[in-house]
Amino acid sequence: MKKKEHNYSKNSPKVYIRTYGCQMNEYDSEIMAGLLNNSGYHLTDNLEEAKIIILNTCYVREKVKHRIYSRLGELRKLKGKKPDLILGLSGCLVQREPEEVLHRAPYLDFILGTSNFYQLPEVLEEISGNDNREKQVKKRCTRVVRAEENRTIPEGLPILRKSKFSAFVSIMRGCNNFCSYCNVPYVRGREVSRSSREILREIEELAQKGYKEVTLLGQNVNSYGKDLSGDQDFADLLIQVNRVKGIRRIRFTTSHPKDLSDKLIDQMARLDKVCEHFHLPVQSGSNKILSRMKRGYTRKHYQNLVDKLRQAIPEITLTTDIIVGFPGEEEEDFRNTLELVETVGFDGAFTFCYSPLRGTEAAQSEERIPAEISGERLRRLIELQQAILLKKNKSLVGRKFEVMVEGISKKNPDEVEGRTRGNKIIIFPGGKNLIGRFIWVEIVKAGCWALRGMVLSRDEKTSRHNPKSIYSDGEELS
Ligand code: SAH
Ligand code: SF4
């Protein structure tokens, strides 16, 4: 499909898309936006002026499901006032329980699962007809339901990305791991890797458009290529992406500890564009719980990986995901998690109370942990992690980093914020003209969530802290 930019007129119907959940969902929303843009619709951030509202849903925990239904309740009222409003739901919640969605929200005009989301324009056409799209959207049929399983997503779909310099690129979809608590294999299907040719084509195109950073996405990027003919793995893919001229930073998420190879660690240490940040979800520090979660590794294995990563890439920052209150988690198991968190010293942790999800193995367990205990454990874990993070961040005061500026600071219009290669957020004085640029800063103050920096002059900047700068492709650094 050919890409066009802004293929809409003043009167094009306006579409509002709200995304819940992970980067993979963000990426799918960007594809929906690209498809709509190509079909003559106009994307808007203003709910009030929208003629079509789409919630692209997540279903990784019950809490997010409740949030989506409560949002739908509000939108139903809006629909009451605007009978021509088209309201649709796409994504993981739809894929997991289409009947329940339709039962609870019978007023929806369409639902699209994770394998059908790219059919959005034809579905809208079916609902409204496009003969008089320029003037108004008029419904002509009641509802469209598409939630097929494991359909392959076509290549070459147009993508309307939010950022002009940093892009998500999906390298695979689905997951084969079936961790006992997780919905992902049910809502995203089995692992399907994209061909490296298609991935590289997308990244080369991004580089030509001026993109500087790519984040390679997959539920378990370490198993990239296992389903493809040939013997290309994730490390080989990184080697190829590293060669794309113009791209200066490569990130990826998420990695599974059981599939993290020495080859990948070696390549990460060697490839100059691959950033020194690793998101490696551990989930628990207790071997008993890890085994019940069906994670396929022990605490010792995880710690060995951390040691290897730090040995190969001393500057590396490590982040993780942790679940507390998993069925059968005793105080001692939880203490093992705290101990692990303390020993590793993570630079960030997404922490969750276990949420039983219907249809998953763990939800059948009778050893449920009461909510007060899980909540209390979560509080203790967050407290510990914050103390560790603050100490780590304080140790960075006085250090110099290259920051890719992402935007104006949310708190202060005279400041900008961006990230280091290690994914630390840095805020420093500056304006719009810096967005998308690489600036060297010295850290002057440290907090838990962000660090404050001071811009360095040309003479003060240094590549000393980019351990792999000797591999640089020779571009000017700021
Ligand atoms: N593929 C990634 C994670 C996908 S889901 C991986 O394997 O790491 C993102 C995170 O949500 C998980 O790492 C886990 O910490 C959390 N999560 C998933 N299911 C959950 C559940 N039922 N209850 C609480 N947290 C959950
Ligand atoms: Fe879920 Fe486990 Fe797959 Fe991650 S690896 S998506 S936690 S099943």
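Helix 11 and helix 12 run roughly parallel to each other, since the angle between them falls under 35 degrees. This is a predicted model, so treat what follows as a tour of that model.

**Helix 11 with helix 12**

- Helix 11 covers residues 299-312 and helix 12 covers residues 331-344; they pack at about 10 degrees, and their axes sit 11 Å apart.
- On the helix 11 side, the contact uses Arg299, Tyr302, Gln303, Val306 and Arg310. Helix 12 answers with Asn336, Glu339, Leu340, Thr343 and Val344.
- Sorted by class, that contact has four nonpolar, three polar and three charged residues.

**Helix 8 with helix 9**

- Helix 8 (residues 234-242) packs against helix 9 (residues 262-270) at an angle of about 15 degrees, with 9 Å between the axes.
- That angle makes helix 8 roughly parallel to helix 9.
- The crossing of helix 8 past helix 9 is left-handed.
- Helix 8 brings Phe234, Ala235, Asp236, Leu238 and Ile239 to the contact, while helix 9 brings Lys263, Leu264, Gln267 and Arg270.
- Those contact residues split into five nonpolar, one polar and three charged.

**Cysteines**

- If you're wondering about disulfides, the structure has zero.
- Cysteine 353 is in no disulfide, and the nearest cysteine sulfur, which belongs to cysteine 58, is 16 Å away.
- Cysteine 353 has 28% relative accessibility, so it counts as partly exposed.
- Cysteine 275, on the other hand, is buried, with a relative accessible area of 3%.

- As background, most residues other than glycine have a negative phi, and most peptide bonds are trans.
- Threonine 253 and threonine 254 are joined by a cis peptide bond, with omega at about 5 degrees. Threonine 254 sits in the loop between strand 11 (249-253) and helix 9.
- Glutamine 283 isn't a glycine, yet its phi is positive, at about 75 degrees. You'll find glutamine 283 in the loop between strand 12 (277-279) and helix 10 (287-293). With 7% relative accessibility, glutamine 283 is buried.
- Asparagine 423 also isn't a glycine and has a positive phi of about 75 degrees. Its place is the loop between strand 16 (415-419) and strand 17 (425-429). Asparagine 423 is partly exposed, at 26% relative accessible area.

Notes. Residues are numbered from 1 along each chain as its sequence is written. Chains are lettered from A and ligands numbered from 1 in the order in which they are written. This is a predicted model: local features need pLDDT of at least 70, side-chain atom pairs count only at pLDDT 80 or more; totals for chains, interfaces and linings use all residues. Side-chain values use heavy atoms; hydrogens and water are left out. Axes are lines fitted to C-alpha atoms, for helices over the stretch in contact, and angles run from 0 to 180 degrees between N-to-C directions. Helices (H or I, at least four residues) and strands (E, at least two) are DSSP runs, numbered from the N terminus. Angles under 35 degrees count as roughly parallel, over 145 as roughly antiparallel, 65 to 115 as roughly perpendicular and the rest as oblique. A crossing is left-handed if the near helix is turned anticlockwise from the far one by less than a right angle, and right-handed if clockwise. Contact means heavy atoms within 4.5 Å. Ala, Val, Leu, Ile, Met, Phe, Trp, Tyr, Cys and Pro count as nonpolar, Asp, Glu, Lys and Arg as charged, and the others, Gly among them, as polar. A disulfide is a pair of cysteine sulfur atoms within 2.5 Å. Buried means under 20% relative accessible area, exposed over 50%, partly exposed in between (1.4 Å probe, protein chains only).
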